[in-house]
Amino acid sequence: MIEKCADVIAGWLIECSAVEEADRELYSYAVYSAFLTLSPLLLAIVFGLCMSCMKQSILIVTPFVIIRKFSGGYHAKHLGVCLFCSSLLLFLCIVLSFHLEGGWQLALAAAAAAVSLICFSPIDNENRVLSQKERVRYKKITAVLVVIYLLLDAAFFWFQLQTYAVCISIGIMLSAGLQLPCIFQGLAKK
């Protein structure tokens with residue numbers, strides 16, 4: 001379904017003379033990729049509207065989307081499974097954010113997740129294997145992003161904005177958590 005929508009949008013761009021027919025496949029893929037990249041944010045907005053917690057939803061998904069772009073992690077084989085699991089996981093994280101209290105235990109868990117992200121990133125995807133140069137660059141970018149989000153998390157914690165600190169912590173831990181299946185799979189192969 002998403003592929004068809006992407007192809008329709010690419011067709012519309014061709015009709016508007018924005019792109020050439022020869023580039024149809026490229027633009028169709030670009031639209032498809034953009035949708036996949038934005039889908040967690042769209043899901044967060046939908047859940048935020050339904051659960052009256054827009055700020056929390058966006059604060060959870062933002063570090064996750066940005067860090068995951070460079071850190072990598074588990075990817076489902078089929079788009080339907082991916083969207084279902086992503087929706088369920090995001091919903092559970094939002095619900096969890098209502099029940100967690102910001103404290104030293106959560107800060108330590110977020111710090112442990114950050115260390116894990118910095119140590120194990122990037123994790124290759126079988127659909128896109130990184131070159132050595134890309135691996136080095138992605139590792140540095142992941143480390144910088146994780147440190148920025150940890151500092152933001154600490155600032156929220158310091159200024160007693162516990163709800164926001166909890167959400168950022170969950171976003172960091174979610175990114176690290178989705179690396180665990182790949183890490184365990186790599187260890188099992190060795």
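## Helix crossing: α4 and α7

A crossing is called right-handed if the near helix is turned clockwise from the far one by less than a right angle. With that in mind, have a look at α4, which passes α7 in a right-handed crossing. This is a predicted model, and in it the two helices α4 and α7 pack at an angle of about 145°, with their axes 10 Å apart.

Which residues make the contact between α4 and α7? From α4 come Leu89, Cys93, Leu96 and Ser97, and they meet Val166, Cys167, Ile170 and Leu174 of α7. Sorted by class, this contact has 7 nonpolar residues, 1 polar and no charged ones.

## The chain as a whole

The protein chain has 8 helices and 0 strands, giving the pattern α-α-α-α-α-α-α-α along the sequence. Its C-alpha atoms fill a box of roughly 55 × 45 × 25 Å along the principal axes.

Of the 190 residues in the chain, 36% are buried. If you take contacts between residues at least 6 apart in sequence, 71% of them join residues at least 24 apart.

## The nonpolar core

The largest nonpolar core holds 30 residues, and those with the most contacts inside it are Ile60, Ile67, Leu90, Ile94, Leu117, Ile168 and Ile172. Two or more residues each come from α2 (24-51), α3 (54-71), α4 (79-99), α5 (104-120), α6 (132-158) and α7 (162-177). Helix α7 gives the most to this core, with 8 residues.

Leaving aside residues up to four places away in sequence, Ile60 touches Leu90, Cys93, Ile94, Ser97, Cys167, Ile170 and Gly171. Cys93, Ser97, Cys167 and Ile170 also take part in the contact of α4 with α7.

## An aromatic pair

The structure holds 4 aromatic pairs. One of them is formed by Phe70 and Tyr138, edge-to-face, at 5.3 Å centre to centre and 80° between the planes. This pair links distant parts of the chain, with Phe70 in helix α3 and Tyr138 in helix α6, 68 residues apart.

Is Tyr138 buried or exposed? Tyr138 counts as buried because its relative accessible area is 15%, and the cut-off for buried is under 20%.

Finally, a stop at Leu180, which is found in helix α8 (residues 180-189). Leu180 is partly exposed, since its relative accessible area is 35%. Leu180 and Glu126 lie 54 residues apart in sequence and 16 Å apart in space, C-alpha to C-alpha.

Conventions: Residues are numbered from 1 along each chain as its sequence is written. This is a predicted model: local features need pLDDT of at least 70, side-chain atom pairs count only at pLDDT 80 or more; totals for chains, interfaces and linings use all residues. Side-chain values use heavy atoms; hydrogens and water are left out. A nonpolar core is a set of buried Ala, Val, Leu, Ile, Met, Phe, Trp, Tyr and Cys residues joined through side-chain atoms within 4.5 Å. Buried means under 20% relative accessible area, exposed over 50%, partly exposed in between (1.4 Å probe, protein chains only). Helices (H or I, at least four residues) and strands (E, at least two) are DSSP runs, numbered from the N terminus. Contact means heavy atoms within 4.5 Å. Rings of Phe, Tyr and Trp (its six-membered ring) pair if their centres lie within 6.5 Å; planes under 30 degrees apart count as stacked, over 60 as edge-to-face and the rest as tilted. Axes are lines fitted to C-alpha atoms, for helices over the stretch in contact, and angles run from 0 to 180 degrees between N-to-C directions. Ala, Val, Leu, Ile, Met, Phe, Trp, Tyr, Cys and Pro count as nonpolar, Asp, Glu, Lys and Arg as charged, and the others, Gly among them, as polar.
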